[in-house]
Amino acid sequence: WVATVLEGDPMRSQGAFLDLQTGEVIPAFAADSEGAGGDGAANPEAEPDRWLFLPSLGSRAVRQDMAEFTTMIRYRPLRERMELAIEGLGAFHRFRDLIYSEGLAADWHAFSDHRRIARAREFLADLGVRVSS
């Protein structure tokens, strides 16, 4: 969930909070910032050492992953189609359609998942949060 939050659209998402005790991720809008509590809601203001705010940083890293994945394609005509697909508006949709139609979805998902998890671990490590395997 950490990777998903970090890749979220900052114009649409308020981010989330990571519970450093349990590993649970709670959307920022669901956290009880008023302290009214009583219903078991997460309250990052009442326990600031327990909660880590996760911002939504956008899709730049995913775009870079798509470009890197594209460079790994050896069949030049397909690689050129993929290079065109990842340019400009609608790139995510075109890329998804192309990898599914070409039977590359499983390879892409494995590559993407590995990169997303690595970025999330790096983000947390930079903040001093130790992540177990």
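Biologist: What kind of model is it, and how are residues numbered?

Modeller: This is a predicted model: local features need pLDDT of at least 70, side-chain atom pairs count only at pLDDT 80 or more, and totals for chains, interfaces and linings use all residues. Residues are numbered from 1 along each chain as its sequence is written, and side-chain values use heavy atoms, with hydrogens and water left out.

Biologist: How many helices and strands in the protein?

Modeller: Five helices and three strands. Helices (H or I, at least four residues) and strands (E, at least two) are DSSP runs, numbered from the N terminus. The order along the sequence is α-β-β-β-α-α-α-α.

Biologist: What is its radius of gyration?

Modeller: The protein has 18 Å, while a compact globule of 133 residues would have a value near 14 Å. That radius is taken over C-alpha atoms, and the globule rule is 2.2 Å times the number of residues to the power 0.38. Along the principal axes, the C-alpha atoms fill a box of roughly 60 × 30 × 20 Å.

Biologist: And how much of the protein counts as buried?

Modeller: 35% of the 133 residues. Buried means under 20% relative accessible area, exposed over 50%, partly exposed in between (1.4 Å probe, protein chains only). The protein exposes about 8900 Å², with 53% of that supplied by carbon and sulfur atoms. Those areas come from the Shrake-Rupley method with a 1.4 Å probe; for residues, only the protein chains shown count as cover.

Biologist: What share of the contacts is between residues 24 or more positions apart?

Modeller: 58% of the contacts with a separation of 6 or more. Contact means heavy atoms within 4.5 Å.

Biologist: Residues now. Where is Thr70, and what is it in contact with?

Modeller: Thr70 is in helix α2. Beyond its neighbours within four places in sequence, Thr70 is in contact with Arg79, Met82, Glu83, Ile86 and Phe95.

Biologist: Why is Thr70 called buried?

Modeller: Because its relative accessible area is 1%.

Biologist: Leu78: buried or exposed?

Modeller: Buried, because its relative accessibility is 9%. Leu78 is in helix α3, residues 76-85. Not counting residues up to four places away in sequence, Leu78 touches Ile73, Leu98, Glu102 and Leu104.

Biologist: How about Ala106, buried or exposed?

Modeller: Exposed, because its relative accessible area is 61%. Ala106 is in helix α5. Ala106 and Ala91 are 15 residues apart along the chain, and their C-alpha atoms are separated by 19 Å.

Biologist: Loops next. Where is Ser56 found?

Modeller: In the loop between β3 (51-54) and α2. Ser56 is buried because its relative accessible area is 11%. Leaving out residues up to four places away in sequence, Ser56 touches Val5, Leu6, Gly8, Asp9, Pro10, Ser13 and Gly15.

Biologist: And where is Leu20?

Modeller: In the loop between β1 and β2 (25-27). Leu20 counts as partly exposed, because its relative accessibility is 39%.

Biologist: How far apart are Leu20 and Arg50?

Modeller: 30 residues in sequence, and 5.3 Å in space, C-alpha to C-alpha. Leu20 is in contact with Arg50, and also with Asp49, Leu52 and Val129, leaving aside neighbours within four places in sequence.

Biologist: On to pockets. What is the volume of the largest pocket?

Modeller: About 350 Å³. On a 1 Å grid over the protein atoms alone, a pocket is an open set of points where a 1.4 Å probe fits, with protein on both sides within 12 Å along at least five of seven lines; lining residues have an atom within 4 Å of a point. Grid points are joined across faces, edges and corners, and a volume is the space filled by probe spheres set on the points.
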